[in-house]
Amino acid sequence: MTLIERSLRWAVPATPEERVVALWAFAYFFMLLAGYYVLRPLRDQMGIAGGVKALPWMFAATFVTLLVMQPIYGALVKKLPRRWFIAIVYQFFVANLVVFWLLLTLGVSTVFVARVFFVWVSVFNLFTVAVFWSLMADLFNSEQGKRLFGFIGAGGTAGSLLGPLITIGFSVRLGPINLLLIAIVFLEVAVFCVYRLERCAVRGQWRQHDTRRIGGSIFSGFITLVRSPYLLGAAAWVSLLSFGATILYLEQANVVAASVHGAGAQTRIFASIDLAVGLLTLATQVFATGRFLKRFGTGTSAGALPAVYIVGFTALALAPGLAVVFVFQVAQRWMNFAIANPARQVFFTVVGRDEKYKAKNMIDVVVFRGSDALYAPVFDGLQALGLKIGGIALCALPVVVGWLVLSTRLGRTQERRAIELGAAAAQSE
């Protein structure tokens, strides 16, 4: 056995069949996020080109667009097997990129196209990643997810590190607009990875009964969500994730603006945070996430993130400075990507297929983006009351404590459901 094979066996504790599927999932997520992170700097530049004052309207337009797309996506899920509707979703975004490339190359309505592109990239990121994790929850059961979702997530982390390097290396040489062509290539390879995933699953008799058409109504995702206490809890978890991230992001912006002067120095601070998060996350996902989830379970793993927020907001309340913000931001993003997010994805391995593709998409896309729009005015309102950074952090503490309690209860419910599903599967055999 070669060194690479031994390292892979250690990093991916799985059967040979599971390892093949996990490697294709890793490649799929890698291609998806590499393509997105090629586009992200161009999106930010388009946001400036479209007018900084128009940014709040573009965020609102993003949320409205997501609402409009939900019933369309629901119709696809209802009528087509997953191998078809997933491919259609990605090919739709590829066709959009071709149209944007033509319009920007020809210089058609540049400002308007820039604004539409900004909204489009935000929708693309949320939607395609949500579809990816829906497929993972459909392919893997709870026990497999605990072992493998960390490694699979590492594919996305690696892609998020490669994408900016491609943009840096080719944005001047090829021109920013031609970066869209590179993103198209990444998306097409991601579609190929989906095809290979399905082939491996069918060939290995990998829960292949789940390849059938899902059915249901186009609005069943919303209906299922509001009727299920478990899914409402998962939605609340995502909303509280948005709360913590939004409050910290705005506190970070205020502290950096007051403490660090000059665009270059501020950019360096943000880049340092991104680099630290990327490296820590990648190492943890490859070598530790699976073992952590298997040892401590989903409740503790999901609760690790609000625990970081409790410590971080307490520290900010006592010493609202740049160093505290820096460490807090790195720690929460690292814990989210490396531990809490894989645990949250395991929550959905114990629900029905309609819930995985429709209700989960509603939670990951609409609830998350809607929460972003809700909590930013909350921060502004607290500032209007005269609260400073420390006071706002103190106000956030009870909320994240409640988030920790919710994580524990969701974890217990998930573990109980997993045991019940395992017992039912054993009886059916």
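Reply: Helix 6 and helix 11 cross in a right-handed sense. This is a predicted model. Helix 6 spans residues 142-174, and helix 11 spans residues 289-318. Their axes lie 7 Å apart, at an angle of about 145 degrees. On the helix 6 side, K146, R147 and G150 make the contact. Helix 11 supplies T289, G290, L293, K294 and T298. By class, the contact residues are 1 nonpolar, 4 polar and 3 charged.

Now take helix 9 and helix 13. Helix 9 covers residues 229-259, and helix 13 covers residues 353-384. The axes come within 7 Å here and cross at roughly 35 degrees. This crossing, too, is right-handed. Its contact residues divide into 15 nonpolar, 6 polar and 3 charged.

Even so, helix 13 carries a kink of about 30 degrees, centred on A359. Just past the end of helix 13 comes G386, with a positive phi of about 95 degrees.

Helix 12 can be read in the same way. It runs over residues 322-347, which is 26 residues. Its reach is 35 Å between the first and last C-alpha, close to the expected 38 Å.

Last, the aromatic rings. The model holds 25 aromatic pairs, counting ring centres within 6.5 Å. One of them joins Y28 and F132. Their ring centres are 4.8 Å apart. The planes stand at 75 degrees, so the pair is edge-to-face; the cut-off for that class is over 60 degrees. Y28 sits in helix 2 (residues 16-49), while F132 sits in helix 5 (residues 110-139). The pair links distant parts of the chain, 104 residues apart.

Conventions:
Residues numbered from 1 in each chain as written. Predicted model: local features only at pLDDT ≥ 70, side-chain atom pairs only at ≥ 80, totals over all residues. Heavy atoms only, no water. Helix = DSSP H or I, 4+ residues; strand = E, 2+ residues; numbered from the N terminus. Expected span 1.5 Å × (residues − 1). Axes fitted to C-alpha atoms, helices over the stretch in contact; angles between N-to-C directions. Left-handed = near helix turned anticlockwise from the far one by under 90°. Contact = heavy atoms within 4.5 Å. Nonpolar A, V, L, I, M, F, W, Y, C, P; charged D, E, K, R; others polar. Phe/Tyr/Trp six-rings, centres within 6.5 Å; stacked < 30°, edge-to-face > 60°. Bend = angle between axes of the 7 residues up to and from the residue.
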